[in-house]
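Dear colleague,

Please find below the structure that I am handing over to you.

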Amino acid sequence: MFIKKIKITNFKSFNDLEVKLGKFNVLIGANASGKSNFIQIFKFLKDIENWGLNDAISLQGGIKYLRNLKLRNSKNLSIKCVYGYDKNEVDPIETRGKRIKSYEIIYEFALGFKKKGYGFEIVKDELHHKFKFFEEKKGRIEKEEIGEGEVIISCVDGKINISLDKPEEIHIKEDDIPLLQIFGSFIKKRVLPPKSLLLQSPLLDLFSDLSLSRSPGFSNLFKKNFIYDFDPKLSKEAIPITGKNDLEENGRNLSLILKNILEEKIKRKKIINLVKDILPFISDLDVERFAGKSLLFKLQETYFTEDYLPAYLISDGTINITALILALYFEKKPLAIIEEPERNIHPSLLAKIIDMMKDASGNKQIIVTTHNPQIVKYAGLENILLVSRDKEGFSTISRPADKDEVKKFLKNEIGLEELYVQNLLG
Amino acid sequence: MRIITDGNKLYILVEGPDDERFFERLIPLLREKYSEIKIVKYAQTKEKNIDNLLKSIKGTGAKYVYMVDLNDSPCIRGKKSKIKCKLKNIDEKRIIVVRREIESWYIAGLDKDGRKRLKIKCSSSTDNISKEQFNNLIPRKFADSRINFMIEILNSFSISAAKNNNTSFSYFLKKLSNL
């Protein structure tokens, strides 16, 4: 599953934004244009799931800094995420001679504000699970699409409601869908605590797959979103042998994650292959154990094969590249956001890094923020999203690929990176 | 006046990272003849800049080859003429056309054992393997990374197999020894 579209209103520097996303996205823009505010959408959603709505608002600096400072309480703050599926990701279900196949999940909520102060209320909280109906037709091998429908789960004043919306002529009831048959009446009796969103409830997980054949977990899509901002200095320190199996967003537990990977033969080969592809002078990676309590990453160079270099002597760029490869290929996250991946890395290596990002985006959605012209050059025009401020100071996001002017510049051999440096992509 | 030349240095101009990865693996082989080998990627670079680079390389007396995929072009001669029209400083003899795409050179380097090990089923001649065909050959084991698959091929790469399995690779090696 990946995010196809995001729509937000009155969120940080954004007034009204709708942006389509691909599997690989490179976010560029001037300083203070709103790149970080866009990334904060994902952090906010993750925080809601992890800590609840009230704490998530607090982690954003309160309502004052969560909503737009200019719009204040004049309009609702809303976030709408539209998820699509990768090819062959969804198993259809067969019921009453019809085939039902999911194609989209939309989650949307809105907060309304009191006229005075920073009070708020939930004014919308809905999940739409959209699907298509197919039926066998005489003389045709393939089943033919006969219409669309959706299961809507909404929460009003804490009460959960589930409804099935479909064309009248398609004779399917709620009970014909396994998920609704089993959980429908149970869920309808549930009441959410005040100021809680469906997103916080594990119930939402159930609705990621109508057939119940698999459950990738809809809400996990937010919970497992990682915003990587690697700090190589932290990765150079020894860390305790006990810890989580997820690469931390700053890369601090790199040694522990590497230890786990290097213990598995196939994964070991893969990480060494990929690191050597970018840094051919590296011949091996390993992790040193200290008194059985802590770990420190080390590597061997082709120049001296007798010894290993401990992490604190390894270059920042090498650490960054290793952390990037772990995040791209070894972390099971549906979405990886990587802030300024070019840090400490020589420009000549960036083409390969971008190539790896495109390669990894076959299995996960990737969003990269950057100020680097080389990244822009190799990313490909179709993957670039430009963040800028309009006359009123609101942030907007556009695709330079949609602009005729940009196409003309490129046709006349003005490079993409040059247009970016000269601020001509907007 | 003394003209400084660098005839023992070789520049290999390649399109993108897949080509760069391939030629990096050939560097040890080429070191027998050249003291220094530089790989330069030209994708996303302005033609004017590539042309100026070629002019400068020629000025230093260094050798160069310009690698290009045949892709869907009907003939090698046509492909070379097209490049010559864009790059005034290029010597047509230094253009080497990969038949059909660099992916076919990767597969060409796998001998019988290599193919068996990586579970690749295709005919021994790779002259007509396209990018799409290569992608269809990727075993499930490597479904999460095409790049890792390419590196694994290079780990088993055999020059003699590649010479036998791809006519343009064989031509490339001959050409390099007579630059």
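**Cavity lining and chain interface**

The lining of the second largest cavity comprises 4 nonpolar, 1 polar and 4 charged residues. Please note that the model is a predicted one. The residues around this second largest cavity are Asp229(A), Phe230(A), Asn320(A), Leu324(A), Ile338(A), Glu339(A), Glu340(A), Pro341(A) and Arg343(A). Two elements of chain A, helix 10 (316–330) and strand 15 (335–339), each give two or more residues to that lining. The volume of the second largest cavity is about 40 Å³, and the structure holds 3 cavities of 30 Å³ or more.

I turn next to the interface. Here, 18 residues of chain A are in contact with 22 residues of chain B. The size of an interface is often given as the accessible area lost when the parts come together. Between chain A and chain B, the buried area is about 1,800 Å², and carbon and sulfur atoms give 44% of it. On the chain A side, Asn273(A), Lys352(A) and Glu413(A) lose the most area to chain B, together accounting for 29% of what that side buries.

As to polar interactions, 13 residue pairs are in polar contact between the two chains, counting pairs with both residues at pLDDT 80 or more. The rule finds 6 salt bridges across this interface. Asp277(A) forms a salt bridge with Arg21(B), with the closest N and O atoms 2.8 Å apart. Helix 9 (265–278), helix 11 (350–360) and helix 12 (373–379) of chain A are the elements that give two or more residues to the side touching chain B. That side of chain A divides into 5 nonpolar, 4 polar and 9 charged residues.

With kind regards

Methods. Residues are numbered from 1 along each chain as its sequence is written. Chains are lettered from A and ligands numbered from 1 in the order in which they are written. This is a predicted model: local features need pLDDT of at least 70, side-chain atom pairs count only at pLDDT 80 or more; totals for chains, interfaces and linings use all residues. Side-chain values use heavy atoms; hydrogens and water are left out. Contact means heavy atoms within 4.5 Å. Buried area is the accessible area (1.4 Å probe) that two parts lose on being put together, summed over both. A salt bridge is a side-chain nitrogen of Lys or Arg within 4 Å of a carboxyl oxygen of Asp or Glu. A polar contact is a pair of N or O atoms within 3.5 Å; within protein, one must be able to donate a hydrogen and the other to accept it, and residues adjacent in sequence count only if both atoms are side-chain atoms. Helices (H or I, at least four residues) and strands (E, at least two) are DSSP runs, numbered from the N terminus. Ala, Val, Leu, Ile, Met, Phe, Trp, Tyr, Cys and Pro count as nonpolar, Asp, Glu, Lys and Arg as charged, and the others, Gly among them, as polar. On a 1 Å grid over the protein atoms alone, a cavity is a set of points where a 1.4 Å probe fits but cannot get out, and a pocket is an open set with protein on both sides within 12 Å along at least five of seven lines; lining residues have an atom within 4 Å of a point. Grid points are joined across faces, edges and corners, and a volume is the space filled by probe spheres set on the points.
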